[in-house]
Amino acid sequence: MWKLILRRDLANLQKNAGKYIASITLYVALLYIFATIAAMSFLVTKGIGEVDLLNLPPRYHDSPPVMFWKMSMILVSIGITAYFIMENPIRLPKMIYLVPTDRNKRSRYIRCMFLAKLLFMTAIIYLFVRIGLGRFFYQYRIVPVLVQLGICLFTVWNLILKTGVYGVSSNNSLEESRCRQEAFVNFYWIVYLLLQQLALGGGFMLGLYQKYPALWLIWLAILVSDAVIARYCTPYILGKAAAYEQTYAKI
Amino acid sequence: MAALLEVTELTKRLGNFTLENISFSLAPGYIMGVIGVNGSGKTSLLRTILNLYQQDSGSIRIAGFDMNTSEKQAKEIIGTVLDEDFFDETLTPEKNAAIFGPFYPRFDMDIFREACKRFEIPLDQKVKKLSRGIRTRLQFAFALSHRAKLYLMDEPAGGLDPRFRRSLIGCMQELVESGERSVIFSTHLTEDLDKVADYILMLHEGKVQFCLDKEALCQNYRLIRGTKEEIESLPKEQVAGKEHSMYHSEALIRTSPGNPSGGQNYPAPKLSEILYYLERGYSQCGN
């Protein structure tokens, strides 16, 4: 069964190879554009003409142009990964709905698929940034690493759930009250996460965390709020993704 | 004898369409044909029975197993032939069977291979390269290979050529011969119903119009031919459906015991005629 799912994903990868190559090309192009902007910022702010962004002296690692370059490329990486996620929504093979399985087993399958995709896509973002920029994290200290990784993970979490919202909404009033989860995932949470990405990168650019270390407490609270939202939305949307009626039915 | 399929007051809302209060049962050893015009709810009914669509209320029991609480056990005895591809298209029939067969406790790969040979299904070609007719046969071969007891088929003859359609009808008869298995299938082809169906369930706008055995159905109606005036003079409550053409008019009338005109003097209509007029009648009445 897992072999089949893997095979299907590989087949999708093969089918969309052209699109993925185009996306990677776009990533490389944007990498150079943002690197140029960062290098020009160095020229303007520090009067340094020839800049090798990948081999800067340690004193420039936290400088605003580097932080800007990093934040831009993290956002670009998330955007490209989001496209990959959208191309391959989590779905069970159709036949699983016909063979002797019950709802619990199907839910278990979909949860495992979700988890595998979450880890895989987060790793892809990490690789994109790591390969392009030489390092992924803004700072190698435990709390900043935790916060950055947490926001990245929740962003991928949201995107996977976003593609998990399928099918028609039922006319059932109970179902309608539950559509709030979809509204959260589709709009409020993703906007909240993007603001978090911008605020985190912006904070590093402006050097706020060196001036006010207590800000990290706010970030930890924000991560808790993300976890609460994830807990609120995930069971309902994964439940929907595990239902044939919501994924494959054309009503 | 305990019913193999028992549907009780089943209701399912799908957008603007509702399957409403559907109740019927099917004992082992019988074939039931589900008929109705396009959009009457045949496919939705079969899919709700299979739990592909979650029922809103009512109950579905397969050999005593409730579809809500014992879905796994219920599905172990169901074989399906649907109008949509469920097998993985990127794999061959044999690989599909090897992946999905083990979900069934009584699955036998040898039976699958034999059935594929009998139905002329190439085992080494990917499913996406097979024609619609062969895909239908593949579903049937798979249903046979796990020794299903209840066969649910949605328009099974749709993509089949006349030779295999005939073969399918023969297979349906073979299946129920032992008295342990049953078939429920939806169709527009009244010829197939005439040949194999023991019971006929008619749906119209999501409601059951009747569920009768074929003999009773034919006995309950008569077809009257005459002039337009003669047909129009028939009591309205007696007429199930009527049609006026340039040369003659026809009406299908009910022959209940309280029927004053004693329609029994008229010849019994063919099943296809009954179904034609009933569907026409429901459309004309809008009920």
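Predicted model: local features only at pLDDT ≥ 70, side-chain atom pairs only at ≥ 80, totals over all residues.
## Salt bridges between and within chains

A salt bridge is counted here where a side-chain nitrogen of Lys or Arg lies within 4 Å of a carboxyl oxygen of Asp or Glu. Because Arg106(A) belongs to helix α4 (residues 103-133) of chain A and Glu71(B) to helix α2 (residues 71-76) of chain B, the pair joins two chains, and both Arg106(A) and Glu71(B) are buried. Over all chains, the count of salt bridges comes to 23.

Within chain B, Asp83(B) and Arg47(B) form a salt bridge at 3.4 Å, N to O. Asp83(B) is partly exposed, with a relative accessible area of 38%, whereas Arg47(B) is buried at 5%.

A further salt bridge, at 3.5 Å from N to O, brings together Glu120(B) and Arg163(B). Here the loop between α4 (109-118) and α5 (132-145) of chain B supplies Glu120(B) and helix α6 (residues 162-177) of chain B supplies Arg163(B), so the pair ties together parts that are 43 residues apart in sequence. Glu120(B) is partly exposed, with a relative accessible area of 44%, and Arg163(B) counts as exposed at 52% relative accessibility. Salt bridges that share partners also join Arg47(B) and Asp83(B) with Lys94(A) and Glu84(B) into one network.

## Aromatic pairs and charges over rings

The whole structure contains 30 aromatic pairs over all chains. In one of them, the rings of Tyr20(A) and Phe84(A) have centres 4.5 Å apart and planes at 85 degrees, so the pair is edge-to-face. Since Tyr20(A) lies in helix α2 (residues 17-46) of chain A and Phe84(A) in helix α3 (residues 64-87) of chain A, the pair ties together parts that are 64 residues apart in sequence. Tyr20(A) is buried, with a relative accessible area of 7%, and Phe84(A) is buried at 11%. In chain B, the ring centres of Phe107(B) and Phe142(B) are 5.9 Å apart with the planes at 45 degrees, so that pair is tilted. It links Phe107(B), in the loop between α3 and α4 of chain B, to Phe142(B) in helix α5 of chain B, 35 residues apart.

Ring pairs also link Tyr97(A), Tyr244(A), Tyr248(A), Tyr53(B) and Phe86(B) into a cluster. Arg91(A) lies over the face of Tyr248(A), at 5.2 Å from the ring centre, and the charged end of Lys94(A) sits over the ring of Phe86(B), 5.8 Å from its centre.

## Cysteines

The structure holds zero disulfides over all chains. The sulfur of Cys171(B) is 13 Å from the closest cysteine sulfur, that of Cys116(B), which is too far for a bond; Cys171(B) is buried, with a relative accessible area of 3%. For Cys211(B), the closest cysteine sulfur belongs to Cys218(B) and is 15 Å away, again too far for a bond, and Cys211(B) counts as partly exposed at 30% relative accessibility.

## A hairpin in chain B

Strands β9 (residues 199-204) and β10 (residues 207-213) of chain B pair in the antiparallel sense over six bridges, with Leu203(B) standing opposite Val208(B) in β10(B). Two residues lie between the strands of this hairpin, in which Glu205(B) takes a positive phi near 50 degrees.

Definitions and conventions. Residues numbered from 1 in each chain as written. Chains lettered and ligands numbered in written order. Heavy atoms only, no water. Pairing = 2+ DSSP bridges. Helix = DSSP H or I, 4+ residues; strand = E, 2+ residues; numbered from the N terminus. Buried < 20%, exposed > 50% of the residue type's maximum accessible area, 1.4 Å probe, protein only. Disulfide = S-S within 2.5 Å. Phe/Tyr/Trp six-rings, centres within 6.5 Å; stacked < 30°, edge-to-face > 60°. Lys NZ or Arg CZ within 6 Å of the ring centre and 35° of its normal.
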